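The sequence and the structure come first.

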Amino acid sequence: MKLKQRVVLLAILLVIFIFTKVFLIDNLDTSAANREDQRAFHRMMASLHVELDPRLDHTLQSPWEIAAQWVVPREVYPEETPELGAVMHAMTTKKIIKADVGYKGTQLKALLILEGGQKVVFKPKRYARDYVVEGEPYAGYDRHNAEVAAFHLDRILGFRRAPLVVGRFVNLRTEIKPVATEQLLGTFMTVGNNTCFYGKCYYCRETEPACADGDVMEGSVTLWLPDVWPLQKHRHPWGRTYREGKLARWEYDESYCDAVKKTSPYDSGPRLLDIIDTAIFDYLIGNADRHHYESFQDDEGASMLILLDNAKSFGNPALDERSILAPLYQCCIIRVSTWNRLNYLKNGVLKSALKTAMSHDPISPVLSDPHLDALDQRLLSILATVKQCTDQFGPDVVLVEDRMTLSHL
C-alpha cells in the first residue's frame with residue numbers, strides 16, 4: 001500500500017475513532033442523566049407523604065431559619081427536606097402576632113406575622129370544593145386550595161420553585177381581630193352569624209367579603225421568601241391583554257418564539273426553559289393568569305422563575321385551555337429532565353401522587369376528584385404536544401439537556 005493511501009486510511013480510521021468515542025460518551029452521559037432522573041423520581045415518590053410534626057432534627061432550632069437557608073437562586077427548597085413537615089406544622093399552628101391587609105394585588109388576602117417573626121400570606125376560602133368557576137379561564141376569586149395543590153405539584157414535578165403552602169383554619173374573632181391593624185380591622189363585618197372581612201386590594205369590595213363559618217375561616221398560608229432575596233417582577237412574554245377584541249402578538253404570530261429568543265433574558269441562560277416548564281405547570285393546574293412573573297433581583301436571567309400566586313387555578317376541571325401551552329408548542333423545546341419526569345407520571349401516577357402528597361394537609365381533601373382526573377388528561381395533551389414537536393424537528397432539537405448544579409452552602 002502506497003504511503004498516500006496509508007495516510008488517507010489512517011485519517012479515515014482516526015475520524016471513525018473520534019466519532020465513535022464522542023458518540024459513546026454522549027450516549028453514556030445521556031444514559032447517566034436518565035438514570036439520575038429516574039432515581040430522583042423514586043426519591044420524590046418515597047417522600048411524598050409529609051407528616052406535620054413539630055420535631056426538628058436540624059441544628060437550627062427555628063423552622064423559619066431552616067426554611068430561609070433552603071433558598072438558593074435555582075430552588076426554594078432542596079430535594080431532600082426532612083424538616084419540611086416541621087416547617088409546615090409551624091406554618092399551620094404558630095401563634096399569629098400581627099395581621100394586616102395583604103400586599104399589593106387584585107385579590108383578597110391578609111399578611112400575617114407568626115410567632116418568631118415569620119411573614120405568611122393568608123388566602124381565605126371563597127368556594128366549596130365542587131364549585132365550578134365558569135367563564136374565562138382566569139375568572140373568579142382566588143382559590144386557597146389551589147395554592148396548596150400547586151405547591152405539591154411543584155414538588156412532584158421536581159421544579160422546587162414554589163414557596164411552601166399549607167392549609168390553615170383561623171379563628172377571626174380570637175386570633176385575627178385582637179392583633180389586626182386598623183386598616184384590616186376596618187374591613188371586618190358580620191353577615192348573619194358569620195364573621196367576614198373584605199380587605200384592601202384592587203378588586204376588594206365591601207359587597208363581596210370572605211366569610212368564615214361562624215368565626216372559623218379556612219384558608220391557605222404561603223411562606224414569605226426571605227428578605228435577603230428581593231424579588232424582581234417581569235412581564236410574561238406570553239401574557240394576555242385582558243382586553244376584549246385585542247390579541248397579544250403571541251396569539252396570532254406563529255413565529256413569535258423566534259422574536260422572544262432574540263431578547264434578554266431569553267436569548268441565553270435558563271429563563272426560556274423556565275418559561276416552558278411554567279407553561280406545563282400552569283396547563284396542568286389550569287392557570288391562564290400568569291401575566292407577570294418574579295425572579296430574584298439583579299440575576300441577569302440566571303435565577304429561576306419563581307412560581308408565585310397560583311390561586312387562579314383548579315377553577316373548571318372540564319376546561320383545558322390549550323393556549324396556556326403556547327410557549328411549548330411555539331418554541332418546541334423542553335428540558336430532558338422535565339420530559340423524563342412527565343413520562344414517569346403518566347398512566348395515573350400523577351393523580352395518585354398528588355392525592356398522596358396532599359393527604360396530610362389540614363384542609364384535606366384539597367381537590368375534588370374531577371380536578372384530579374383532569375390532571376391526568378392534561379398530562380396526555382402535554383406529551384402529545386411534545387411528540388408533535390419531535391416528529392417535526394427531531395428529538396435532538398426539541399429535548400434540551402440543561403442541568404444546573406445547585407449550591408446549598
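The model is predicted.

The chain is divided into domain 1, residues 63-223, and domain 2, residues 231-400. Their C-alpha centres are 23 Å apart. The contact draws 49 residues from domain 1 and 49 residues from domain 2.

The size of an interface is often given as the accessible area lost when the parts come together. Here domain 1 and domain 2 bury about 3800 Å² between them, and 66% of that area is on carbon and sulfur atoms. Tyr-138, Ile-156 and Arg-161 account for 18% of the area that domain 1 buries against domain 2, more than any other three residues.

Polar interactions also cross the contact. Between domain 1 and domain 2 there are four salt bridges and 17 residue pairs in polar contact, with both residues at pLDDT 80 or more. On the side of domain 1 that touches domain 2, α3 (84-93), α4 (144-157), β4 (165-171) and β8 (216-223) each supply at least two residues. Helix α4 gives the most to this side, with 13 residues. By class, the side of domain 1 that touches domain 2 has 25 nonpolar, 10 polar and 14 charged residues.

**Salt bridges**

How many salt bridges does the count come to? The count comes to 23 salt bridges.

| Arg-74 | Asp-274 | 2.9 Å |

Glu-175 has 26% relative accessibility and so counts as partly exposed.

The pair of Arg-173 and Asp-215 links distant parts of the chain, 42 residues apart. Arg-173 is in helix α5 (residues 172-176), whereas Asp-215 is in the loop between β7 (210-211) and β8. Arg-173 is partly exposed, with a relative accessible area of 49%, and Asp-215 is partly exposed at 22%.

Lys-351 and Asp-373 likewise link distant parts of the chain, 22 residues apart. Lys-351 lies in helix α11 (residues 349-358) and Asp-373 in helix α12 (residues 369-393). Lys-351 counts as partly exposed at 24% relative accessibility, and Asp-373 counts as partly exposed at 36%.

**Two serines in one loop**

Ser-303 is found in the loop between β10 and α9, and Ser-323 is placed in the loop between β10 (292-296) and α9 (326-331). Not counting residues up to four places away in sequence, Ser-303 touches Pro-73, Arg-74, Arg-271, Asp-274, Ser-295 and Phe-296. Among these contacts are Arg-74 and Asp-274, which form a salt bridge with each other.

Leaving aside neighbours within four places in sequence, Ser-323 is in contact with Arg-240, Trp-250 and Tyr-329.

Definitions and conventions:
Residues are numbered from 1 along each chain as its sequence is written. This is a predicted model: local features need pLDDT of at least 70, side-chain atom pairs count only at pLDDT 80 or more; totals for chains, interfaces and linings use all residues. Side-chain values use heavy atoms; hydrogens and water are left out. Domain bounds come from an automatic or database domain assignment. Contact means heavy atoms within 4.5 Å. Buried area is the accessible area (1.4 Å probe) that two parts lose on being put together, summed over both. A salt bridge is a side-chain nitrogen of Lys or Arg within 4 Å of a carboxyl oxygen of Asp or Glu. A polar contact is a pair of N or O atoms within 3.5 Å; within protein, one must be able to donate a hydrogen and the other to accept it, and residues adjacent in sequence count only if both atoms are side-chain atoms. Helices (H or I, at least four residues) and strands (E, at least two) are DSSP runs, numbered from the N terminus. Ala, Val, Leu, Ile, Met, Phe, Trp, Tyr, Cys and Pro count as nonpolar, Asp, Glu, Lys and Arg as charged, and the others, Gly among them, as polar. Buried means under 20% relative accessible area, exposed over 50%, partly exposed in between (1.4 Å probe, protein chains only).
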